[in-house]
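Have it open while you read.

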Amino acid sequence: MTVVAKKTNNDGNVPLERPKTRKFSWDWLGVAPFFLFATLFLFLPSISIFIRSFQTRAGEFTFENIIALFTVSDIINAYKTSLTISLITAVGGALFGFMLAYAVVLGGLPGFLRAFLLTFSGVASNFAGVPLAFAFVATIGNAGLVTRTIESIFDINLRQMGWSIYNITGLSIVYMYFQFPLMVLIMAPALDGLRREWKEASENLGGTSWHYWRYVALPILLPTLLGTAILLFGNAFGAYATAYAFSGSFINLVTILIGAQIQGDVLYNPGLGNALALGMIVIMSLSMLGYTVLQRRAARWMR
Amino acid sequence: MRSETDRSLSAWAFLKGKNSGSKTSGRRGLNIWAWIIFIIGMIYFFLPLFSTFLFSLSMKKDQLSFEAYRLGFSDPDFWQNFGFSVMWAIITIIASLLLIVPTAYWVHWRMPRLRPVVEFVTLMPFVVPAVVLTFGLIRLYGSPPILLIGSPILLIAGYIVLSLPYMFRAVDTGLRAIDVRTLTEAALSLGAGWRIILFQVIFPNLRVAILSGVFLTFAIVMGEFTFASLLAWPAFGPYIELIGSQKPYVPQALSVVSFLLTWISIGIMQRIGRGAVQEVAGAH
Amino acid sequence: MSPRRKPAEITRREFLKLSALAGGATLLASCGGGGGAMSEEAMALLESGNAIPLEQLIELAQEEGQLTTIALPPDWANYGEIIETFKTKYNLKINELNPDAGSADELEAIRANKDSKGPQAPDVIDIGVGHTATAMADGLLAKYKNSNWETIPMKDPDGHWWAEYYGVLAFEVIKPDIPNTPTDWEDLLKPEYKGQVAMAGDVLKSNESVQTVMAAGLSRTGGDILKAPEAGLQFWKEMVDAGNFIPVIADAARIAARETPIAIQWDYLCLANRDNLAGNPELEVVVPQSGVIGGPYAGGISAYAPHPFAARLWWEYVMSDEGQNLYLKGYAHPIRFNDMVKRGVVPQAMLDKLPPAENYAKATFLTVEQLQVSNKYITENWRKVVYGE
């Protein structure tokens, strides 16, 4: 080992440095339990998903499941529907969620309403799946509170008129219940990060409120906005319990299809289910990646 | 895809945004649009809750009563399954904390470059559909050489995986809010041993952060259905499903109660949280 | 620098010791305890698959001490009472797993617990007849011909499974919302029922819903089983186009909320629901005049049952006159119904509580092969035909 000029302490003696390799290995020990756990219970099952998607029911190797993803009309439609509903609720959720966040942070509403909305948003996340689906059925379903009220006020029969919430529109409305809070929770701190000085500087330079938003605020917020919208997209795409509780397998979504293949009484092709899951993992990973990248860009301004 | 509860990322984001204060960046005059938006939002959020509440009161024919609530809470199976799930939740929380806190601390202090990797791992439960994950786990560990299915180990492991993103995010946020390196090195230079550093310097500052992670893990375990039912362990989630298919009105009553309890708990956490954040700020 | 060691500095030896300990502990934990040894003659008794004399069976079962069941909700065909009576009569404990499980879940539970004799392994199962093919193919069932074997009309000749009870699909009608009760499948297409008809299960996952399609088809083809799946899908396509079909799973909560005024479900579930809701809202149960499909459920014993004798005792009880009458109390027709009625062992009071017998006489029972073929056809073509996708 060559002797290179080393750092010295005040004594002028060359301190003995631990050889780099050994220090490295002990540090890894600290994170070993975590990675062991992750390997056993996250990586291995995920890898098994990957492997099984190339297996037939009998266990032989095949590409048929993957090919089915692109050829079976049922599956293509499932992806289409899932993507559609995710897009709708991502955009809609981002827009209205942003407006809600803006209203409580910058909109001149009393301060306690902000805390109220934020705590409520935290709770709204607990209210998904069966209870959420039922809540909307009880509200705007065929025999729902609002439906019945409208019927009695206007003396019409909405059912006969073809009223039904059991379609993509209805499900989107239900999804918004957890999309809006998500947007609010992420945008509220981001709006906080808009420093007052920037607004004042803009005004000093003669800009109107529109100028401020167009050239200062929105560009700063855009990464967070987009990133969260992508997050909402992934969130909706992965939703299962709410969709199933709402309309069973009758609305064709990827997550529902996966459930049917893996758990079903009648359909039973775990290889296909895993292949579907693989496709979903790809989409979800992309959306997570998009979100993380945009978050880092946004973080630059929020320090 | 998350568990049955569709634990949305709201909760996860909730943890991220927790430590931001409420600095207002300039109040404008009373903005009518803000009020309109807010009221529309409130109508949207509260109507479904109200309908559920109304339904839960309708167990007896043609009259409003709390019969559903009475039935729900007087069922001995309710308390038994509730008790089991509470037990699973506590075990999960402890195991999860033991797994995550040292790791997060270690990463923050010694291996900051590993943070993205660890973060990616903790985001994986979001990316992999829960149904598939649970089936994968059962197949992997249901037979020799590693036979885990006879004991609740697999159940707890599954719960830990499901709650991983939230627990890690909570601890990570907490660690970021306190300057880990400075605190640790200051304590070290004052001659403190590791036990003191961990238990009297780091953990007290993490208390509030951990609290939100604990709370969310608790909610996840209580509401989780797939794993518990597939592994056939007694738990609250499957019980609610069963009651739902047999006795209408009761699950609605239970969900109203759970909503209220959750709201109260979060409210309390907000209050505690505000106090603790000020403490930490004062320490500097 | 502090002379005290930092945790990172534990010596290599200590590290190795720790990991050996951890590894050893895991290995020990994962080696499940072995089952108790069974005597030669006991094994022989089990292998033969023949009925075991009752006193001997009770003794052997009580030695085992408990039975593990799966997927038996208390409100389904009166399983609650059956289980309770069995417990007290033979002084055995019953460990009820996962009442919500579907047939596929039950088979999965057997597969997953092949090597574990723990409390998660089911002893006895109750599955849709269509699933017996998979169960047999995967070798999940043990053989046993209980003492009432001869009078069971539907069974596997070798004794791997036998039908326990059946119901027929019926219309569960919420009286306050439906002034004119439909009496047959074609009635459901009438415009007055717009947005009112629902299935009680999920068509891709539940046997019940697939049979709903099949039954509608049978009604249309006048009983031609081969053409029924196609006709059934066509029927439901018309239902969707007319807007009469609500794409929702009609569970108890939805029926109670009056969201699904007409739900199609097994008659015993409809009737149990009617009793449960006790008039809030008021329900009427109608068996359609044509397209009456019988839905038998099959019982079996897990090939890996931890308590094989208790399992056999269970079946002795359930398939006896007493057990079968308990099914009837829950509105499910015991499979030995005809034989029991002939011998006059069915209480008249129970008979009176059932819907009129004429409609049941028309019930069609599909064979396992027919079920498999029709199920496959319906689930694969549902979306294509009904939604045109």
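1. Reading from the N terminus, chain B goes α-α-α-α-α-α-α-α-α-α-α-α. That makes 12 helices and zero strands (DSSP runs numbered from the N terminus: helices are H or I with at least four residues, strands E with at least two).

2. Before going on: this is a predicted model, where local features need pLDDT of at least 70 and side-chain atom pairs count only at pLDDT 80 or more, while totals for chains, interfaces and linings use all residues. Residues are numbered from 1 along each chain as its sequence is written, chains are lettered from A and ligands numbered from 1 in the order written, and side-chain values use heavy atoms, without hydrogens and water.

3. Chain B has 284 residues, and 59% of them count as buried (under 20% relative accessible area, 1.4 Å probe, protein chains only).

4. Among chain B contacts with a separation of 6 or more, 79% join residues 24 or more positions apart (contact: heavy atoms within 4.5 Å).

5. Over in chain A, helix α4 (residues 111-124) packs on helix α7 (residues 168-192) at about 135°, axes 9 Å apart. From α4(A), the contact residues include A:Leu117 and A:Phe120; from α7(A), they include A:Val184 and A:Leu185.

Notes
Axes are lines fitted to C-alpha atoms, for helices over the stretch in contact, and angles run from 0 to 180 degrees between N-to-C directions. Buried means under 20% relative accessible area, exposed over 50%, partly exposed in between (1.4 Å probe, protein chains only).
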